[in-house]
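Here are my notes on this model, point by point. Please read them with the structure open.

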Amino acid sequence: MANDLYFIVGLCVGVLAIPAIFSAISDGRVPRAAAIMVMISGGLIVLAASQKPGGYQLSEIPDVFTRVIGHYL
């Protein structure tokens, strides 16, 4: 279950990094915080995928997401 949590948190951080990148670029700033978010996201996703036997399939992501949310709600 911890691997699934790492994977979902990594995906969420990665999705939140996208608007931060566009905002920084449009303001003419260097996207430092967004770059850190991308590195954290990538690290969590790689950690989760390497610890789970067989990795994650693209079609499996919604099931993993609902399983993690259901576990904590």
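**Notes on the predicted model**

1. Start with the burial pattern in the opening helix. In α1, the buried residues are Asp4, Phe7, Ile8, Gly10, Gly14, Ala17 and Ala24. This is a predicted model, so read every value below as computed from it. The buried residues of α1 pack against two partners, α2 (32-51) and α3 (61-72).

2. The geometry of α1 comes next. The helix covers residues 2-26, 25 residues in total. From first C-alpha to last, α1 reaches 37 Å, close to the expected 36 Å. After α1 comes Gly28, with a positive phi near 80 degrees.

3. Overall layout. The chain has three helices and zero strands. From the N terminus the order is α-α-α. Along the principal axes, the C-alpha atoms fill a box of roughly 40 × 25 × 20 Å.

4. Of the 73 residues, 22% count as buried. Take the contacts with a separation of 6 or more: residues 24 or more positions apart account for 68% of them. The chain exposes about 4,900 Å², and carbon and sulfur atoms supply 71% of that area.

5. Which residues make up the largest nonpolar core? There are six: Phe7, Ile8, Ala48, Tyr56, Val64 and Val68. Of the helices, α1 and α3 each supply at least two residues of this core. Ile8 is worth a look here. Leaving out residues up to four places away in sequence, Ile8 touches Val64, Phe65 and Val68.

6. How many salt bridges does the structure hold? The count is three. As background, side chains of opposite charge can pair when their charged atoms come close.

7. Arg67 and Asp4. Their side chains meet in a salt bridge at 3.1 Å, N to O. The pair links distant parts of the chain, with Arg67 in helix α3 and Asp4 in helix α1, 63 residues apart. Is Asp4 buried or exposed? Asp4 counts as buried because its relative accessibility is 10%, under the 20% cut-off. Arg67 has a relative accessible area of 39%, so this residue is partly exposed.

8. Arg29 and Asp27. This salt bridge has an N to O distance of 3.2 Å. Asp27 is exposed, because its relative accessible area is 52% and the cut-off is over 50%. Arg29, with 46%, is partly exposed.

9. Lys52 and Glu60. The closest N and O atoms of this salt bridge are 2.5 Å apart. Glu60 counts as partly exposed, because its relative accessibility is 22% and buried would require under 20%.

10. Now the surface. Ile36, Met39 and Ile40 form a nonpolar patch there. Together the three have about 310 Å² of accessible area. Met39 has its place in helix α2. Why does Met39 count as exposed? Its relative accessibility is 58%, and exposed means over 50%.

11. For a second look, I would display two sites side by side.

How values were computed: Residues numbered from 1 in each chain as written. Predicted model: local features only at pLDDT ≥ 70, side-chain atom pairs only at ≥ 80, totals over all residues. Heavy atoms only, no water. Helix = DSSP H or I, 4+ residues; strand = E, 2+ residues; numbered from the N terminus. Expected span 1.5 Å × (residues − 1). Buried < 20%, exposed > 50% of the residue type's maximum accessible area, 1.4 Å probe, protein only. Contact = heavy atoms within 4.5 Å. Core = buried A, V, L, I, M, F, W, Y, C linked by side-chain atoms within 4.5 Å. Patch = residues over 30% accessible without salt bridge, like charges linked within 9 Å, V, L, I, M, F, W, Y side chains within 5 Å. Areas by Shrake-Rupley, 256 points an atom, 1.4 Å probe, with all protein chains shown as cover. Salt bridge = Lys/Arg side-chain N within 4 Å of Asp/Glu carboxyl O.
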